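Have a look first, then work through each solution.

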Amino acid sequence: MDSSGMRSRYRSSPTVYNSPTGKEDYMTDLRSLDNFLRSEEEKLHRVQLGSTDSSSPSSSPTFWNYSRSMADYAQMLRKFQYQPACRSQAPSAHKDEAELSSKQVAEEVWARVSMSRQLLDHMDSWTAKFRNWINETILVPLVQEIESVSTQMRRMGCPELQIGDASISSLKQAALVKAPLIPTLNTIVQYLDLTPNQEYLVERIKELSQGGCMSSFRWNRGGDFKARKWDTDLPTDSAIIMHVFCTYLDSRLPPHPKYPDGKTFTSQHFIQMPDKPDVSNENLFCIYQSSVNPPHYELIYQRQVYSLPKGRNNLFHTLLMFLYIIKTKESGMLGRVNLGLSGVNVLWIFGD
């Protein structure tokens, strides 16, 4: 090997080994390779000593300390196993950790209901189908009926009883007086009995019904109304959807003497703070709203509390778990009502 040529090439590029140029520069055995590497280490070490006074391994500016041989590092690498790098503390890393933690929590909660590990693979599909079912089965028909009843009210000479303008108490009174003429008014009143601000509620239900899959849904707030930003005196979209879902099932369950107000499902299967569920009651099967702002829902079943991760999908995933338990553990029956094809027909969202 031409040592003078190697030195000149080294000086021109101190950090990169140049490619051999002649046939005689190629190494054909391990011994010549080892000799070459040792000679290069010595040269680099001499240059480093000439440029900085760093004779100790700890003061070396890089991980590779050229005062030691490659064999020493090989021995060290054999001694220690490779470990995963620490996750960055950047905000995006915190977000990734939160999402990962949320998924792990969801897996653990669902594992208590079903042994299938593939369950969460279908969650996005189930959620989309469920949102579409709520829209097509509840919201769109409700908006159509509201417009129809408002038109009838105008024709009857009662423009002051327009739905969205009149107070909920006025509508309840009208539902009693005009029941023979407008039988569906009482049903509409049940859906609207959520907040005194009827104008906002009716407008927001109309907005949620547009787009096919509730694209304007905001889990922890609602929509802006008349140039006013949403505030906590108005119901969140989660509260609205939970209320219309419960009201719809109220209308599908048969009347019960214990619940003369007609809220058969709501009274048995929905509890909202400050009320608290009696978890010791083995017959209690309900959705519990443990927080209003931000909204958070939990499921109570057979003395167990199932709390799915907080956030935008908490409402839908809790309701999905409620329906999944009915499908898999209650033979598709909620009391005397079938939630399958021959009844409410909501269990189709889970597929076969």
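**Exercise 1: the whole chain**

Work out how much of the protein chain is buried, and what the chain is built from.

Solution. Of the 352 residues in the protein chain, 39% count as buried (under 20% relative accessible area with a 1.4 Å probe, protein chains only). Next, the secondary structure: the chain has 11 helices and six strands, taken as DSSP runs, with helices (H or I) of at least four residues and strands (E) of at least two, numbered from the N terminus. A word on the source: this is a predicted model, where local features need pLDDT of at least 70, side-chain atom pairs count only at pLDDT 80 or more, and totals for chains, interfaces and linings use all residues. Residues are numbered from 1 along each chain as its sequence is written, and side-chain values use heavy atoms, with hydrogens and water left out.

**Exercise 2: the sheet**

Find the order of the strands in the open sheet, then its edges.

Solution. Start with the order: four strands run β1-β2-β3-β4, with mixed pairing (two strands pair if DSSP finds at least two bridges between them). Now the edges: β1 (270-272) and β4 (304-306) each pair on one side only. Then zoom in on β3 (residues 296-301), which pairs with β4 in the antiparallel sense over three bridges. I300 has V305 in β4 as its bridge partner.

**Exercise 3: the helices on the sheet**

How values were computed:
Buried means under 20% relative accessible area, exposed over 50%, partly exposed in between (1.4 Å probe, protein chains only).
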